[in-house]
Amino acid sequence: MTILLLGKDGQVGWQLQRSLAPHGTVVACGRGECDLADLDGVRRVLREVRPSIIVNAAAYTAVDKAEAEPERAYRINAEAPAALAAAAAASGALLVHYSTDYVYDGSKAGPWVESDPTGPLGVYGASKLAGEEAIRAAACRSLIFRTSWVFGARGGNFVKTILRLAREKDSLNVVDDQVGSPTPAALIATVTGVVLALLHRGDSLAAGESRLYHLAAARPVSWCAFAQTIVRLAAAIPGFELRLTADAIRPIPAAEYPLPARRPANSRLDCRRLEHDFGLRMPDWQPYLERMLPLLALERNGH
């Protein structure tokens, strides 16, 4: 079985290279081999590889920049998935695609379930929702995982930004009225591999069947609480040389930190459908963070 992985150099794609390996021959492509902004190039790669499974871990993720580049965001997040889905429908391949909590407006009091109405607040969320809709419209076999606040040792993310600021600053203001679940890239990759294995052993997806699942770690927190945890844990690890302490991170409302794109206030995702269908239990994110920080310290010190 041939598996085409797109976005191999991103946070999730890097982890997927390992978790997909037991399932077949993985053809892993980064932007240099397959740029989702080049739709003709995407179709050419699909014709050459002829995959049984397409795993799309590539996306336009610059949330604020997307407000100024809507055409590029939609091409990568909506038009490219549509092309992948059309190819999957024609060949009978399975498409695995990753979406985001930003498809919601954040106004719900409790965790979001898959059937809740969507209402993205910005171009990024709207483009990702358009990608989901294009996949479903193509009537290919597909798995769509909505996730949130992704972090990992590879690529840029909130954890690395906070660590950089903690080396530079004595105090820091972080938004405290937006809540979600930090989700390790390693968890997303592991769950993807488990789901593929269970589908292979049991009832696989029927022709044209599309399933939507929420995939996020347990224990939601605010951005501020997440930042405080990052700094508190990193301070105990030699090699970071932080100026900032967790106590010096001050909570502020999002209104005091305006950005080009609005963020949902509530990004909590209810993962019970995923847990029920595959016998899973979403873990807490902190142990993943605790394992990742020493790796970042070693990397920073050239080891």
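**Exercise 1. Around helix α4**

Just after α4, Ala139 takes a positive phi of about 60 degrees. This is a predicted model, where local features need pLDDT of at least 70, side-chain atom pairs count only at pLDDT 80 or more, and totals for chains, interfaces and linings use all residues. Residues are numbered from 1 along each chain as its sequence is written, and side-chain values use heavy atoms, with hydrogens and water left out.

*Task.* Check the span of helix α4 (residues 123-138). Then find what its buried residues pack against.

*Solution.*
1. Helices are DSSP runs (H or I, at least four residues), and strands are too (E, at least two); both are numbered from the N terminus.
2. The expected span is 1.5 Å times one less than the number of residues.
3. For the 16 residues of α4 that gives 22 Å, and the end C-alpha atoms are 22 Å apart, so the two agree.
4. Buried means under 20% relative accessible area, exposed over 50%, and partly exposed in between (1.4 Å probe, protein chains only).
5. The buried residues of α4 include Val123, Tyr124, Leu129 and Ile135.
6. Their partners are α3 (70-91), β4 (94-100), β5 (141-147) and β10 (210-214).

**Exercise 2. Leu6**

*Task.* Is Leu6 buried or exposed? Which residues does Leu6 touch?

*Solution.*
1. Locate Leu6: it sits in strand β1 (residues 2-6).
2. Leu6 is buried because its relative accessibility is 0%.
3. Contact means heavy atoms within 4.5 Å.
4. Leaving out residues up to four places away in sequence, Leu6 touches Cys29, Cys34, Leu36, Val55, Asn56, Ala57, Ala58 and Leu84.
5. Now take Leu163: from Leu6 it lies 157 residues away in sequence and 28 Å away in space, C-alpha to C-alpha.

**Exercise 3. Cysteines**

*Task.* How many disulfides does the structure hold?

*Solution.*
1. A disulfide is a pair of cysteine sulfur atoms within 2.5 Å.
2. The count is zero.
3. Cys224 is buried, because its relative accessibility is 2%.
4. Cys271 is also buried, with a relative accessible area of 8%.

**Exercise 4. The second largest pocket**

*Task.* Which element gives the most to the lining of the second largest pocket?

*Solution.*
1. The volume of this pocket is about 300 Å³.
2. Of the 16 lining residues, Gln15, Ala153, Ala186, Met292 and Leu295 are the closest to the centre.
3. The elements giving two or more residues are α1 (11-20), α6 (185-201) and α9 (286-300).
4. The answer is α9, with six residues.

Key: On a 1 Å grid over the protein atoms alone, a cavity is a set of points where a 1.4 Å probe fits but cannot get out, and a pocket is an open set with protein on both sides within 12 Å along at least five of seven lines; lining residues have an atom within 4 Å of a point. Grid points are joined across faces, edges and corners, and a volume is the space filled by probe spheres set on the points.
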